There are 2 protein chains.
Amino acid sequence: MNLEIYLTGKVKTKFILEGVEQYLKWIRPYHKIKITSFPLAGSTSANRDQIKKKEGERYLKALQNEKNVVVLHERGEELSSMEFATFIKKWQNSGTRKLIFIIGGPLGFSDNVLSQNWKKLSLSRMTFTHEMALLVLLEQLYRAETINRGMIYHY
Amino acid sequence: MNLEIYLTGKVKTKFILEGVEQYLKWIRPYHKIKITSFPLAGSTSANRDQIKKKEGERYLKALQNEKNVVVLHERGEELSSMEFATFIKKWQNSGTRKLIFIIGGPLGFSDNVLSQNWKKLSLSRMTFTHEMALLVLLEQLYRAETINRGMIYHY
């Protein structure tokens, strides 16, 4: 399956970049995976709603013809790692060729994104930086693969 | 406040070590913080209950005279980052000098740990490696500090 991840905000923290590289390396034998990060649409002290809306429009433009989009959002459905593995397997078994995950910027998602008919999942009730959310998502994607393939990793 | 974190399993992955260092540096102006990691009590393919029990006894021995212990466990209470900040502030306001967090090893906690009268919190319904749990906990401890001090970090 082709996995694509879109997020707002640069991925620039050194340890995060190293962690992302590690998980991409681990995942790539099983999936094609691409990460696209949009720049922030303004400094977070300016008009937040305008910034969020502008940032939201980028996702809508990039994903206008996409069906299989999963929004990572604090108030989305929370899955255990086993349930997430089943979630991924269902997409695969249904013949889905591309599955897209989107992570919000520091200000989160705008209403124009949240109102889309896209599945919403939550990695945690806690707020993560966009970089930490990316790291945790990649680890869970790898973990899901090990679960679905019966590899020793998840206990 | 003195924060102590106990976990089972080495912290050895390079990017995790770098991330832990970063957050320790950010937290130390506000709290003393110490991380103690116990070695695994056996290879995870051996008798798991025995390993978990042995690993559990280490926590019980190290914490026998401690009152303020928080167990990080998937089925613990889930807090938002704001609620976690309030949780930390309550401990501080009550004059607590030391607050201890414990993270399980790959096999998780034994019954002898889970049956202790200790608060249980969950970072996520998903399973994290002990290293990722440490990283996420440290980021949330720093985030809680910024929230409680009105610093610009958490949105």
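How many residues apart do Lys14(A) and Glu18(A) lie in helix 1 of chain A? They lie four residues apart, about one turn of the helix. Their side chains meet in a salt bridge at 3.1 Å, N to O; a salt bridge is a side-chain nitrogen of Lys or Arg within 4 Å of a carboxyl oxygen of Asp or Glu.

This is a predicted model, in which local features need pLDDT of at least 70 and side-chain atom pairs count only at pLDDT 80 or more, while totals for chains, interfaces and linings use all residues. Residues are numbered from 1 along each chain as its sequence is written, chains are lettered from A and ligands numbered from 1 in the order in which they are written, and side-chain values use heavy atoms, with hydrogens and water left out.

By the salt-bridge rule there are 18 salt bridges over all chains. Across the interface of chain B and chain A the rule finds four. The side chains of Arg125(A) and Glu83(B) also form a salt bridge, at 3.3 Å, N to O.

At the interface, 33 residues of chain B are in contact (heavy atoms within 4.5 Å) with 33 residues of chain A. The two chains bury about 3000 Å² between them, 58% of it on carbon and sulfur atoms; buried area is the accessible area (1.4 Å probe) that two parts lose on being put together, summed over both. Phe15(B), Met126(B) and Tyr155(B) supply 26% of the area that chain B buries against chain A, more than any other three residues.

Two helix pairs are listed below. Helices are DSSP runs (H or I, at least four residues), numbered from the N terminus. Axes are lines fitted to C-alpha atoms over the stretch in contact, and angles run from 0 to 180 degrees between N-to-C directions.

| Helix pair | Angle | Axes apart |
|---|---|---|
| Helix 1 of chain A and helix 1 of chain B | about 155 degrees | 8 Å |
| Helix 1 of chain B and helix 5 of chain B | about 20 degrees | 9 Å |

Helix 1 of chain A and helix 1 of chain B are therefore roughly antiparallel (angles over 145 degrees). Their contact includes Phe15(A) and Tyr23(A) from chain A, and Phe15(B) and Tyr23(B) from chain B. Helix 1 of chain B and helix 5 of chain B are therefore roughly parallel (angles under 35 degrees). Among the residues of this contact are Val20(B) and Leu24(B) of helix 1 of chain B and Leu135(B) and Leu138(B) of helix 5 of chain B.

Terms used: Angles under 35 degrees count as roughly parallel, over 145 as roughly antiparallel, 65 to 115 as roughly perpendicular and the rest as oblique.
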